[in-house]
Amino acid sequence: MAPPAQSQRSPSPSQPSGKSEVSDLKLQLRQLAGSRAPGVDDSKRELFKKVISYMTIGIDVSSLFGEMVMCSATSDIVLKKMCYLYVGNYAKVNPDLALLTINFLQRDCRDEDPMIRGLALRSLCSLRVANLVEYLVGPLGSGLKDSNSYVRMVAVMGVLKLYHISASTCIDADFPSILKHLMLHDSDTQVVANCLSALQEIWSAEASTSEEASREREALISKPVIYYLLNRIKEFSEWAQCLVLELVTKYVPSDSSEIFDIMNLLEDRLQHANGAVVLATIRVFLQLTLSMTDVHQQVYERIKAPLLTLVSSGSPEQSYAVLSHLHLLVMRAPYVFSSDYKHFYCQYNEPSYVKRLKLEMLTAVANESNTYEIVTELCEYAANVDIPIARESIRAVGKIALQQYDVNAIVDRLLQFLEMEKDYVTAEALVLVKDLLRKYPQWSHDCIAVVGNISSKNVQEPKAKAALIWMLGEYSQDMQDAPYVLESLVENWDEEHSAEVRLHLLTAVMKCFFKRPPETQSALGAALAAGIADFHQDVHDRALFYYRILRYNVSVAERVVNPPKQAVSVFADTQSSEIKDRIFDEFNSLSVLYQKPSYMFTDKEHRVPLEFADELGNLSIGEAANNVVPTQMVEENDKDLLLTTSEKEETKGSRNNGSAYTVPYDGSSTSVFASQAQIESAVSNPTLAGHSPQASFAIDDLLGLGIPATPAVPSPPQLKLNTKAALDPSTFQQKWRQLPVALSQEISVNPQGVAALTAPQALLRHMQSHSIHCIASGGQSPNFKFFFFAQKFEESSNYLVECVINTSSAKAQVKIKADDQNTSQDFSTLFESAFSKFGTS
Amino acid sequence: MISQFFVLSQRGDNIVFRDYRGEVAKGSAEIFFRKVKFWKEDGQEEAPPVFNVDGVSYFHVKVVGLLFVATTRVNVSPSLVLELLQRIARVIKDYLGVLSEDSLRKNFVLVYELLDEVIDFGYMQTTSTEVLKSYIFNEPIVVDAARLQPLGPAAIFMQGTKRMPGTAITKSVVANEPGGRKREEIFVDIIEKISVTFSSSGYILTSEIDGTIQMKSYLTGNPEIRLALNEDLSIGRGGESANDYRSSYGSGAVILDDCNFHESVRLDSFDMDRTLALVPPDGEFPVMNYRMTQEFKPPFHINCLIEEAGHLKAEVILKVRAEFPSNITANTVVLEMPLPKYTTRASFELEPGVTGQRTDFKGANKKLEWDLEKFVGGVEHTLRAKLTFSQELHELWFNSANIIKEAGPVSMTFTIPMYNVSRLQVKYLQIAKKSSSYNPYRWVRYVTQANSYVARI
């Protein structure tokens, strides 16, 4: 509790230098200790206050321990409280002195005033001294049985404290089962709530080593317990209600009528003034209806108004927390909110982090009917004094343009930005126009006319300059002076500090050369010479490569550098849908604010108890979670394990590009970071150039990702699986808990398979080629664990598989659960046959 | 579940610091303060209320210039923790009467006492001032409220208006009055924050009222209270889209988009006669929050004109008209307007003979500021500002279209006591009588404040 010494400016009576004051206090305390004179308690109070105030400003008063304990023999509760505060603060660093206090604390635990019993018990349990735990068991045991609810409430938390000091003492005293009894029978709801908190923590920690604890943990979310708590929910304090609601989220109702019962019971919680209660209720609603599409939809409609009310009431901090959740829902189901777009307009006095969320929401909800108004509003922000927000607003306009079919009006607006003559507006707009042209080449005529008027001297930002240069190269046939602009840029090569821009310049000059050779030849020569002499490795390599390929064959060079391009239909998303789903599963938690699943920002031992999804999360990051690794690496690892090949291409692209907003360049030739390998493979087989899927296969091979070379083995006719099966982790986890094990067997793994398991991803790819998809995996040699799922072709019947492989024994334990039990044998055969081919193909 | 709670002063000093679980290192307050202070190198952006440093999540809310902070290592509900921090601040205020750095420092022992009961081992126990009363034994040391800058929405009642008993809002719920007798009284405040955006042509682009009915009870024995609202009040806009403003205008009915209630409120007869029944707990709490997008008459009309006025000069004419009755007076009215960044000088001309108005040109961020202490209903005020632009400015750039592009929008803040735009009313406040002589003071007060009041030009 002691605040660090920095609060020296505290207006405490006199600034004590330390020693002399403390010894002075010691003397005075000693005099008072034995005194029974009237009014002695008042003098003690003054002295105690002085001690505590010294302690608060960081003066070491631990030498007074003995005197403080002597003075604590009093019936004055204020004095006692100050004494407890003092003792709690110094016991941990002075375990020997702490022993002195045990006596009087134990005596107070038997006081006739329940207030004193409770306080003493709390202080006793807060000493955090390991060798004193033996003194805790007795008082805790009687505290749990106390007739006063305040004492029981304190005792329950005391049990949890004891567990953290010495888990074995707590378990040996059988406290958890006493808590369980209290939870189900105590008349005081706060005692019940504390039991629930304590049991969740204790059993989750024990579950890893004890089967029984893990059963007890499951029992907390059993129907009787859940119903017992739900029926009393209105008696609980608002904080305890949140606790109960969180538990209900994990409960899996048996049928839909149960779901509706729970929702009807909780309906009025959505009108609670406490945002935490409302969000917890919303989470229950969303989780319960996951598998009922139309009801889920209704839930969205129902929760809209309460969420908007919470956003606009309360402090800015609270409204930010709610807005982040609203943001998540808007991103998931923009169409539900498309008529509420005005709520997402920014107010001039809002902080940037709120504006940023709102801009993203506006972008997401834009559709045919509201685009005009939204874009008009965004254009207002572009002239904003807050420059970062002005930039984001322009990007938002661009994003809306990229997601709309009718971009007519938006293009005009973007072009107006270019004419605003604010350097940052021009810069952002240039990048956008470039992206727009990659999607809608038909607009090139209008855009190029405006872009042509921009002097490259006025564009300084590398991203914008690169965009301008890309357009100069790409549309050099339509821009009169493109070769000359490029030439002047080449002349200033040495002044160009950004390698990105120089790379673009090389490529643009090449492209221009193919279209207008006589005008560009000298510029090209100069550019290649400057590029080869460049100190930047990538620039040097690209210049040298261009030079060589031109010498080899000019027409091949053209096919490589300037192939006909297809318009980009969809730009890659920056966040994979798996990650988004996982954040959604963790609704009403920090994950939503950080926009990251919890495993990316919490340590393993601090994960929220009782979360099956966390187990999946742990597994999927595998060894990365065991060692301390930077977040980025965890993320990559995770993606490696969880993403399908095509998605991996996307993430790779976006990561290369760095910024979340600049989408990866398509095709082979324009890419700033185009891999040497990619181009080489294109050269060796020119017909392939520009066909990115093929080209990226080549990258994958080089990077050793091992795309399965064999086509999918046809499935046995009796059971066909859906090749594009999809299942989100939360549904998986729900089903895994619900369904019984249909089949359990041991399969042996062939030696090639064992060898191939050095890269567990290979198995995922292999199984996927058999339409069996992995949802989570992890482990370390020799033990690996995988969760797979598959779906029956043209039916929504699922198969879930848990597969534990031990490579040293070359055996796999397989557990299969199925929606349709009758076909589980067929599926098992299929699984086994697919599995046995692993490593051999 | 939280790990630590602390309160920092504006300078970053610990005023109270409580470690509940010992999971987060002691230096957390310092790490937090440094992070908040230097969130972005340029100091332009504020730190968000929640952020993570090395696996520790820091939550903070700002109350009266103090930072209330909680830390945790687990993935908790952010709303829960932020709500808790706000609630702790409110409980402390209930006890101390005034929440300020000074009152906290004087009463830190009491604050520790509160913190021990509010949170145990990181878990919330109770934040009810009512319940806490039986556990708290320290007497608050009351600081002199008069010297302090009044804060919070209710504080507006303290300035100017003589009708309000000034000490009420800053009265502790536990401390006794000097005479040893407690005055029986109850305060109900209807506070409405309004947001309006006017387009450059003067029509309303968006408007919203965020209202709250706040209660603070000093009644002994917690009698039941009935609070009757407008009978024609309706809630929910049904199938209509939320931005269809015309539908209900003129019909006289008050239509709320949505609302929520404090948990002590019983809505048994709400559907029938729009009456809220509750047994108010001690201390300050919101009875009801509501949100409304129904069209209303904005209290101020703003008109802004910019014209060229000679070589590298321009004139800004700013007209504001109060659209509320003349028996009502708005106070602390401030208008702000960003000017083109080439502006080097601005000279102001107020109406002849006006008092209580101040003008300022903030050279650093090129902002015009116009303060009006009082603004009487039905009156119009005008400000003329002559701007001089930098010599470096290119002649070709200089035209009124470009000046307008670089200037504005005009934003306005104000407080209008005894006025509410939504027409939501407390028709009566009934206190269950203990005896015929029991007749406590009841204060029902209205106020309208600007949340975001912006006119584009």
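How many residue pairs are in polar contact between chain B and chain A? In this predicted model, the count comes to 37 residue pairs, with both residues at pLDDT 80 or more. On the chain B side, helix H2 (residues 78–96) gives the largest share of what touches chain A, with 8 residues. Sorted by class, that side of chain B has 36 nonpolar, 27 polar and 28 charged residues.

Here's the interface of chain B and chain A in numbers.

| Interface item | Value |
|---|---|
| Chain B residues in contact with chain A | 91 residues |
| Chain A residues in contact with chain B | 94 residues |
| Area buried between chain B and chain A | about 7,900 Å² |
| Share of that area from carbon and sulfur atoms | 54% |
| Salt bridges across the interface | 9 salt bridges |

Now for a sheet in chain B. Four strands, in the order S14-S15-S10-S25, make up an open sheet with antiparallel pairing. Strand S14 (265–266) and strand S25 (426–431) of chain B sit at the edges with a single partner strand each, so one side of each has no neighbour in the sheet. S14(B) pairs with strand S15 (residues 275–278) of chain B over 2 bridges, again in the antiparallel sense. To find where these two strands meet, look at Val265(B), whose bridge partner in S15(B) is Leu278(B).

Notes:
Residues numbered from 1 in each chain as written. Chains lettered and ligands numbered in written order. Predicted model: local features only at pLDDT ≥ 70, side-chain atom pairs only at ≥ 80, totals over all residues. Heavy atoms only, no water. Contact = heavy atoms within 4.5 Å. Buried area = accessible area lost by both parts, 1.4 Å probe. Salt bridge = Lys/Arg side-chain N within 4 Å of Asp/Glu carboxyl O. Polar contact = N/O pair within 3.5 Å; in protein donor to acceptor, adjacent residues only side chain to side chain. Nonpolar A, V, L, I, M, F, W, Y, C, P; charged D, E, K, R; others polar. Pairing = 2+ DSSP bridges.
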